[in-house]
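Visitor: I would like to learn how to read the features of a model such as this one. Could we take them one at a time, starting with the backbone?

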Amino acid sequence: MKLDRDQILSKISGDKYFSSKLLLFGEYAIIKGGHGLAIPYSEFRGQLVLGEKETHKKFFELYDYINKSPLLAKKLDLKRFKADLDKGLYFDSNIPQGYGIGSSGALCAAIYQEYCTEKRITKLKELQDYMALMESFYHGTSSGLDCLISLVDQAVYIKDRKDVSTINCPLLNDLGYFYLLDSKIERRTSPFVYKFLDRFENDQTYREKFEKFIEMSNDTINSFLKAKRENFLFSIEKLSIMQREIMQDMIPENIREFWDQGLESKKYFTKLCGAGGGGFFLVYSSERLELAELKQIKDGKL
C-alpha cells in the first residue's frame, strides 16, 4: 500500500462523467438515526460509451428489470435505451467494485441522466427513492444515496434517512490532509450491516456504546462543516478510538496495526469509509504525512 502526494477533490468537467462517492462520516450511525456526510469523488468515475465494446449481459438484465417495473419504465425512454444496448452500450469506469464507493450507483445515475424523459428534478428525496428502486437490481435493496450523489455531483448531508439535502462543504485541505487507505479486499456491504444490526438489537452494552458513538459522529460532522480545525481534530481522534473498540469486526487484520500506530503516535487517525470489512478506509492528519508513512497508504487519495 502506498500513496503519492495529497490532492483535493476536483469536479469533472462536463455532464457525461459520473463520480464515485465517499461516505466521509456517519457509517452505521445513519442506520440508527445519526447524521451522515457523503461527497462525490471524481478520482474514480465512469461514463456511458457506445459501440466500442460488446454490451455486457448484465446490462440487458438491468433493462429487463426496468422494463418490468411500472414506475421505472414510465420514467425512462426504454426504446432508445434498448437500441443503444443493441449497438454496444457499456459503462466505461475505473470505479473499483466491492469497495463501497458506488460503482453501481454511478452507473444508475448515468442511465437516469441519459434516458430519463423527465429532466426536471423536483424533490431530492423523491429522486433518491427512484434511484433506490433502480439500484435495487444490483443489491436487492438500496438507499439510493450513492446514485443521488453521482447524479447531483454535490456533497449530501443526511440528517436522517428521510431527510437529505445538498450542501456546500469546506475544502478538505482547510482542515488538514485526508488520504484513502486501500485494504486490497473486495467485500459486500450487506453481511456487515446485518451483523451490526443483530448485535445492536441483542447486546445492550454494545447498544449503549454505539449510542455514544452516534453523538461523537454527529459532533465530528458539525465541526467539519463549520471548519473548526481544533474541534475537528479532537472529534476525529475520539471517533477513531471508538470505532477501533466497537467496530473491530469491520476492520481487516491488515489495517489494524496501521490504525493503532496512528492512535499511539497521534500523527494520523483512521476511520471507516463506509461499511468497512474491506475497500477503502479514511486517514486524516493535521499535518502532511512523510514519505515513509505514505508508503503504507493507497495511490488513490483525497
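This is a predicted model: local features need pLDDT of at least 70, side-chain atom pairs count only at pLDDT 80 or more; totals for chains, interfaces and linings use all residues.

Visitor: What are the elements, and how many helices and strands does the chain have?

Guide: Helices (H or I, at least four residues) and strands (E, at least two) are DSSP runs numbered from the N terminus, and by that reading the chain has 11 helices and eight strands.

Visitor: Which residues of helix α10 are buried?

Guide: Buried means under 20% relative accessible area, exposed over 50% and partly exposed in between, with a 1.4 Å probe and protein chains only. In α10, residues 253-265, the buried residues are Ile-255, Arg-256, Phe-258, Trp-259, Gly-262 and Leu-263. Of the 302 residues of the chain, 53% count as buried, and in strand β1, residues 18-25, eight of eight residues are buried.

Visitor: How do the strands β6, β7 and β8 pair, and in what order do they stand?

Guide: Strands of a sheet pair through backbone hydrogen bonds, either parallel or antiparallel. Two strands are taken as paired if DSSP finds at least two bridges between them. Here three strands form an open sheet in the order β6-β8-β7, with antiparallel pairing. Both β6 (177-182) and β7 (269-272) stand at the edges with a single partner strand each, so one side of each has no neighbour in the sheet. From one strand to the next the twist averages 30 degrees. The antiparallel pairing of β7 with β8, residues 280-285, runs over four bridges, and Thr-270 stands opposite Val-283 in β8.

Visitor: Which strands does α10 touch, and at what angle to β7 does its direction lie?

Guide: Axes are lines fitted to C-alpha atoms, for helices over the stretch in contact, and angles run from 0 to 180 degrees between N-to-C directions, while contact means heavy atoms within 4.5 Å. Helix α10 packs on the sheet and touches β6, β7 and β8, its direction making about 135 degrees with that of β7. Helix α9, residues 229-246, also lies across β6, β7 and β8, and runs at about 60 degrees to β7.

Visitor: At what angle do α8 and α9 pack, and how far apart are their axes?

Guide: Angles under 35 degrees count as roughly parallel, over 145 as roughly antiparallel, 65 to 115 as roughly perpendicular and the rest as oblique. Helix α8, residues 204-225, packs against α9 at about 155 degrees, with the axes 9 Å apart, which means that α8 is roughly antiparallel to α9. The residues of this contact divide into 10 nonpolar, six polar and five charged, where Ala, Val, Leu, Ile, Met, Phe, Trp, Tyr, Cys and Pro count as nonpolar, Asp, Glu, Lys and Arg as charged, and the others, Gly among them, as polar.

Visitor: Which residues of α3 meet α4, and at what angle do these helices pack?

Guide: Helix α3, residues 78-86, and helix α4, residues 103-115, pack at about 120 degrees with their axes 10 Å apart, which means that α3 is oblique to α4. In this contact Arg-80, Phe-81 and Asp-84 of α3 meet Ile-111, Glu-114 and Tyr-115 of α4, a set that divides into three nonpolar, no polar and three charged residues.

Definitions and conventions. Residues are numbered from 1 along each chain as its sequence is written. Side-chain values use heavy atoms; hydrogens and water are left out.
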